[in-house]
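Here is a short briefing on one protein model. Look at the sequence and the 3D view before reading the points below.

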Amino acid sequence: MSGTPKPLIAVVGTTGTGKSQLGIELALALQRQSSLPPGLNFGRWKGAKVINADAMQVYRGLDIVTNKVTEEEKQGVEHLLMDFKDPSEEYFVSQWIKDTMNEIERCHEQDQLPIVVGGTTYWIQHLIFPNRLVSLTEDDTASNGPEKDDIVPEVSSAVTKALSNLPEDLKQLYSALPDRSQSEACSDEIAFALHTLLCKLDPPMGARWHWKDTRKVLRSLEIIKESGQRASDINASQDEVVGMARFPTLIYWLYAKPELLNPRLDARVDKMTQRGMLDEIRSMREAVASGSEGSNSSSEFDYTRGIFQTIGFKEFHDYLSTPSPSPTLLNQSVEQMKHGTRKYAQRQVRWIQNKLLPAIRSQGTHATRASLALLDATDLDSWNSTVRDAGLNILSDFLSERTKDDLIAPSPVAQDLLSGTRVIVSASVTLQNRKRRVCEVCTVDPSKPVMIEEGNEWQAHARSKAHRNRAGRERRIAEQLAQREEKQRLRAEGRISPTH
């Protein structure tokens with residue numbers, strides 16, 4: 001038996017479940033096969049390298065707040081795409097996939113098994129299932145070839161018609177779009193104009209993004225310029241494609257029950273604070289502030305971009321921005337970080353359940369497939385048997401081509417979570433269901449509309465005290481205006497005296 005050609009291993013799951021530990025243990029087992037129990041067969045793979053798939057751990061420094069494994073914990077296992085980007089840079093999924101593909105190719109050439117480990121499941125899913133990422137064109141992944149500016153895309157009839165109907169000022173804006181890396185510097189006037197342009201060219205995408213979300217608005221406009229097609233049309237065409245895995249892939253999903261995981265996450269935040277996390281965050285804030293020309297205000301930090309998205313930066317903003325913060329404020333910041341970490345873990349599970357699992361279930365009859373094994377990491381005392389040993393047995397079966405099922409459930413917890421059928425929610429349906437609407441009541445300046453996502457967000461907004469107060473005020477004004485107009489009509493008809 002020749003074994004699985006050019007395989008890929010991935011480890012996903014929520015924060016705090018031991019993903020890094022499992023990745024290292026799998027790599028060590030491949031390096032030390034002579035000491036393994038009989039029956040395990042890893043074929044020609046005599047070692048492994050871990051490829052980082054945590055969007056925040058790509059940045060240099062900040063080892064505590066991003067919870068990187070230490071050199072001691074790595075136990076000599078090489079970790080790639082970790083700790084290599086400057087914190088001032090942004091690093092996008094398309095760049096990571098390109099870099100990861102290069103590392104995977106080198107691993108295979110060296111008979112090293114690539115093990116992709118991290119909590120940014122969005123990245124891993126788009127690595128495993130290609131042709132599902134609008135921003136990743138062939139030119140993004142090619143090692144050499146023409147520059148984007150040298151390629152003239154074939155423009156769709158819908159885009160051609162929309163461009164021809166643009167007013168002159170929007171045509172000029174489209175021909176000279178701002179650089180997306182400088183999107184935060186755009187004025188409100190430019191941001192609103194860019195959103196208006198997107199609404200003209202691609203109405204579904206325009207309805208999806210808030211006019212202040214300039215980076216996403218610009219990306220949608222860039223897709224039109226680069227591909228000649230609307231992003232919403234590309235999404236619709238991708239919905240018709242049944243996904244095929246890029247490599248024969250084994251995915252480990254490490255899961256822990258929330259009632260036991262949450263206390264572990266809280267304890268980890270306390271430990272990070274004791275290890276000097278605050279000093280790390282403070283130093284980074286100072287470095288960024290000193291490098292920002294003409295600004296020394298701590299309010300300038302953009303917590304939606306780059307390294308500042310890391311849980312901890314936003315949560316400690318008030319504490320670190322106060323000249324003499326109180327212990328109460330520190331405790332509040334710590335609790336906010338714990339809450340943010342628990343919510344992040346919930347979102348990670350939802351992504352796997354609602355995005356990754358449906359993609360695995362929809363592989364059709366493709367020969368190159370991805371399989372997912374759920375390992376129960378709830379009880380750390382039984383880690384060796386329920387996670388490490390179970391994982392090694394599954395890996396041996398996979399590399400020996402004995403894996404027959406797309407979903408592998410070696411425990412009751414796994415069987416419960418992997419049972420049932422989930423329907424894939426297409427990108428087009430997501431666009432339709434997550435449109436934003438303008439709240440006419442709360443919009444004071446039409447050039448700066450208040451936009452709320454339909455559904456739960458809109459319902460919550462409509463129930464808010466501020467909205468109800470404005471709606472009541474407008475209703476009273478409308479009633480007074482109607483009464484005034486009625487009196488004017490009655491006077492004109494002579495039905496009431498002019499002094500009434």
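Two residues are in contact when they have heavy atoms within 4.5 Å of each other. The model is predicted, so local features need pLDDT of at least 70 and side-chain atom pairs count only at pLDDT 80 or more, while totals for chains, interfaces and linings use all residues. Residues are numbered from 1 along each chain as its sequence is written, and side-chain values use heavy atoms, with hydrogens and water left out.

**The sheet**
- Seven strands form an open sheet in the order 3-2-4-1-5-6-7, with parallel pairing; strands (E, at least two residues) and helices (H or I, at least four) are DSSP runs numbered from the N terminus, and two strands pair if DSSP finds at least two bridges between them.
- Strand 3 (79-80) and strand 7 (407-408) are the edge strands, each pairing on one side only.
- Strand 2 (residues 47-52) runs parallel to strand 3 and is joined to it by two bridges.
- Opposite Ile51 stands Leu80, in strand 3.

**A helix on the sheet**
- Helix 1 (residues 19-31) packs on the sheet and touches several strands, among them strand 1 (8-13) and strand 4 (112-117).
- The direction of helix 1 makes about 175° with that of strand 4; axes are lines fitted to C-alpha atoms, for helices over the stretch in contact, and angles run from 0 to 180 degrees between N-to-C directions.

**Ser220**
- Ser220 lies in helix 10 (residues 214-227).
- Leaving aside neighbours within four places in sequence, Ser220 is in contact with Leu198, Met205 and Trp209.
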